Number of protein chains: 2
Amino acid sequence: MSELRKDPVSGRWVIISVERGKRPSDFAVRAHAKKGGFCAFCSGNEHTTPTEILAFRPDGSKPNTPGWTLRVVPNKFPALRVEGEENRVGDGIFDKMNGIGAHEVIIESPAHNLTLSTMPLKSVEDALLAFHYRISDLKKDKRFKYVLVFKNEGEVAGASLEHTHSQLIALPIVPRLVEEEIEHAKHYYDYKERCIYCDIIHQEIKSGERVISENQDYITLAPFAPRSPFETLILPKRHESSFMPDGKLNLLAQILQRTLRQIDKALDRPPYNMLIHTSPFREETNEYYHWHIEIKPKLTSTAGFEWGSGFYINPTPPEEAAKFMREAKI
Amino acid sequence: MSELRKDPVSGRWVIISVERGKRPSDFAVRAHAKKGGFCAFCSGNEHTTPTEILAFRPDGSKPNTPGWTLRVVPNKFPALRVEGEENRVGDGIFDKMNGIGAHEVIIESPAHNLTLSTMPLKSVEDALLAFHYRISDLKKDKRFKYVLVFKNEGEVAGASLEHTHSQLIALPIVPRLVEEEIEHAKHYYDYKERCIYCDIIHQEIKSGERVISENQDYITLAPFAPRSPFETLILPKRHESSFMPDGKLNLLAQILQRTLRQIDKALDRPPYNMLIHTSPFREETNEYYHWHIEIKPKLTSTAGFEWGSGFYINPTPPEEAAKFMREAKI
């Protein structure tokens with residue numbers, strides 16, 4: 001069982017793996033992503049993953065056998081575990097609780113070499129649908145307050161397996177960065193009676209200089225103050241507080257794939273992190289928060305200044321990044 | 001001139017280098033730290049750096065010539081520039097200001113191959129003294145609210161030059177992470193009428209399991225909820241809100257060097273980031289904040305989950321990290 005611990009000064013929670021602590025020697029040889037050779041996520045190797053939680057099987061094949069087009073399985077080395085109670089306790093000035101949560105892997109395709117940019121559009125749609133199904137299911141567990149869906153593409157971005165996959169972690173706490181966005185968005189709403197994201201979208205469409213892609217329902221933007229080069233946001237154009245949209249799934253899949261292709265083309269298939277920010281379960285529908293997808297190509301790494309200040313130095317203005325991506329021939 | 005831009009949702013400021021934007025192709029070939037060959041920080045090459053701001057020259061030699069034991073020069077590629085006014089302006093929903101500030105480099109030794117762990121103790125003392133002198137000088141500039149001193153040791157930790165050096169950045173804004181610590185520390189003080197750091201130190205000394213080193217005036221701790229493996233804090237044992245101590249500089253140099261040697265030994269000279277957190281200029285002396293040095297060996301990298309949540313997953317419990325460091329034969 002891992003532990004959730006709260007730093008008494010910053011208020012920040014961290015997940016500490018108390019059960020299999022990494023010793024100094026474990027860091028000496030960096031793990032490299034498996035390339036070639038055996039892959040547990042490939043079709044035919046279903047028995048080597050934990051039992052599947054969800055699968056799309058258009059041919060009606062049996063669970064944990066080939067025939068699937070998308071599969072969701074528990075993470076074999078979970079950061080948090082489903083079993084147990086929160087058990088919040090204090091130790092003098094310190095606070096901790098059991099590391100309960102869920103940690104799942106969404107294998108978006110049985111094909112080893114496809115990515116969200118290169119797979120058929122239907123598979124991207126299915127991935128989004130699977131995220132939605134899993135979030136809806138995990139919401140029923142009253143211990144959980146939030147589900148973070150994310151993707152690490154490429155070894156430098158943290159992927160430990162090469163085969164395309166996303167992950168989700170259900171948490172007993174609303175993550176700090178989501179809380180912060182909500183707090184500021186609420187504050188803005190109190191003042192203006194409008195959603196801050198809706199206002200940003202309005203202004204960005206008017207100026208156009210940071211718009212990367214657009215379709216009927218969604219827009220891709222380079223944010224005004226990005227933390228790192230080529231950081232990218234995808235948002236629904238109309239106000240919507242929680243992922244996932246009522247309909248128009250194909251339009252979301254379309255703009256997501258298009259955006260990733262623009263990134264791939266402009267930056268020569270960079271490693272990247274992608275994640276979904278949505279309203280927490282306790283306030284799923286509201287007027288102030290607006291769900292979105294964040295994509296961050298991993299081009300720079302944070303150093304002492306960023307670590308110590310929370311300030312980021314970004315060497316690429318978003319106006320230029322947007323231009324490069326708009327002009328990418330995809 | 002770079003720009004400081006504020007993200008309207010998170011409230012986070014970023015520094016955008018608008019004048020020499022990095023194009024996609026600049027990221028394709030990663031810059032590697034210069035190894036061997038010419039070094040601008042070595043003795044004899046003083047003319048290749050910007051004009052020195054401060055130098056310790058025990059032999060009375062002239063500025064910008066050999067003979068120094070420590071040198072402070074402006075960063076040749078500064079993130080922020082000293083010239084100009086803040087010029088805060090709005091652009092619809094967005095806020096920005098000119099990237100004013102100071103960005104300096106502290107070259108702690110003329111010898112190319114020494115580090116804070118291996119240099120004579122006197123040089124470590126001098127480095128701390130130079131930090132203090134520069135902070136005191138920059139404080140006179142009323143545009144600045146904070147000076148962050150930091151060190152990136154090793155290429156993986158962000159050092160672009162191999163020769164030992166630290167950096168400082170003077171900012172027109174108190175950094176977010178320092179603001180957060182201060183806010184929580186004030187809140188705690190309002191409630192308890194005690195400094196939260198003093199209380200932590202008291203509890204840690206009593207339990208002992210996360211104490212790494214100690215001398216008469218300072219203590220090195222593995223924090224209860226560290227964001228990454230082997231994260232380490234050095235604090236004055238008695239309440240002190242701002243760097244730098246009245247006296248006992250040798251005791252601070254001693255524990256700093258000892259701690260870095262323990263890290264070097266336990267982790268085989270890892271890359272690391274180091275930084276100083278101190279009270280901002282506007283509230284230099286107070287009862288609630290307690291200055292400290294943070295050291296973070298760069299063993300893991302952040303991925304989508306950390307980026308999206310602000311949560312950190314740490315595979316090494318601090319109790320184990322502290323034990324490894326205590327037992328390191330230095």
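# A tour of chains A and B

Start where the two chains share strand pairing: select strand E15 (residues 312-314) of chain A and strand E2 (residues 13-16) of chain B, which run parallel and are joined by three bridges. Within this pair, pick Tyr312(A); its bridge partner in E2(B) is Val14(B). The model is a predicted one.

**Both chains**

Next, colour the contact residues on each side. On chain B there are 74 residues in contact with 74 residues of chain A. Which element of chain B gives the most to this side? Select helix H3 (residues 176-192) of chain B, which supplies six residues. By residue class, the side of chain B that touches chain A holds 41 nonpolar, 18 polar and 15 charged residues.

**A residue of chain B facing chain A**

Zoom to Ile200(B), in helix H4 (residues 196-207) of chain B. Is Ile200(B) buried or exposed? Ile200(B) counts as buried because it has 23 C-beta neighbours inside 10 Å, and the cut-off for that class is 20 or more. Leaving aside residues up to four places away in sequence, Ile200(B) touches Pro8(A) and Ile93(A). For a distance within chain B, draw a line from the C-alpha of Ile200(B) to that of Pro223(B): the two are 9.3 Å apart in space and 23 residues apart in sequence.

**Chain A as a whole**

Chain A contains seven helices and 15 strands. Its radius of gyration is 20 Å, close to the 20 Å that the globule rule gives for 330 residues, so chain A is as compact as a globular protein of that length. The C-alpha trace of chain A spans about 55 × 50 × 40 Å along its principal axes. Of the 330 residues in chain A, 48% are buried. Among contacts in chain A between residues at least 6 apart in sequence, 67% join residues at least 24 apart.

**The ten-stranded sheet**

Select the strands of the open sheet in chain A, in the order E3-E4-E7-E9-E8-E13-E14-E12-E11-E10; the pairing is antiparallel. At the edges stand E3 (54-56) and E10 (211-214) of chain A, each with a single partner strand, so one side of each has no neighbour in the sheet. From one strand to the next, the twist averages 20 degrees.

Within the sheet, take strand E8 (residues 146-153) and strand E9 (residues 166-171) of chain A, an antiparallel pair joined by five bridges. Leu148(A) has Ile169(A) in E9(A) as its bridge partner.

**Strand E14 of chain A**

Finish at strand E14 (residues 292-297) of chain A. Six of its six residues are buried, so E14(A) is largely enclosed by the rest of the structure. Show the side chains: His292(A), Glu294(A) and Lys296(A) point one way, Ile293(A), Ile295(A) and Pro297(A) the other, and all are buried. In a regular strand, side chains alternate between the two faces of the sheet.

- Strand E12 (residues 232-236) of chain A runs antiparallel to E14(A), with three bridges. Here Ile234(A) stands opposite Ile293(A).
- Strand E13 (residues 272-277) of chain A is also antiparallel to E14(A), with six bridges. Here Tyr272(A) has Pro297(A) as its bridge partner.

Definitions and conventions
Residues are numbered from 1 along each chain as its sequence is written. Chains are lettered from A and ligands numbered from 1 in the order in which they are written. This is a predicted model: local features need pLDDT of at least 70, side-chain atom pairs count only at pLDDT 80 or more; totals for chains, interfaces and linings use all residues. Two strands pair if DSSP finds at least two bridges between them. Helices (H or I, at least four residues) and strands (E, at least two) are DSSP runs, numbered from the N terminus. Axes are lines fitted to C-alpha atoms, for helices over the stretch in contact, and angles run from 0 to 180 degrees between N-to-C directions. Two residues are in contact if their C-beta atoms, placed from the backbone, lie within 7 Å. Ala, Val, Leu, Ile, Met, Phe, Trp, Tyr, Cys and Pro count as nonpolar, Asp, Glu, Lys and Arg as charged, and the others, Gly among them, as polar. The radius of gyration is taken over C-alpha atoms; the globule rule is 2.2 Å times the number of residues to the power 0.38. A residue is buried if 20 or more other C-beta atoms lie within 10 Å of its own, exposed if 12 or fewer, and partly exposed in between; C-beta atoms are placed from the backbone.
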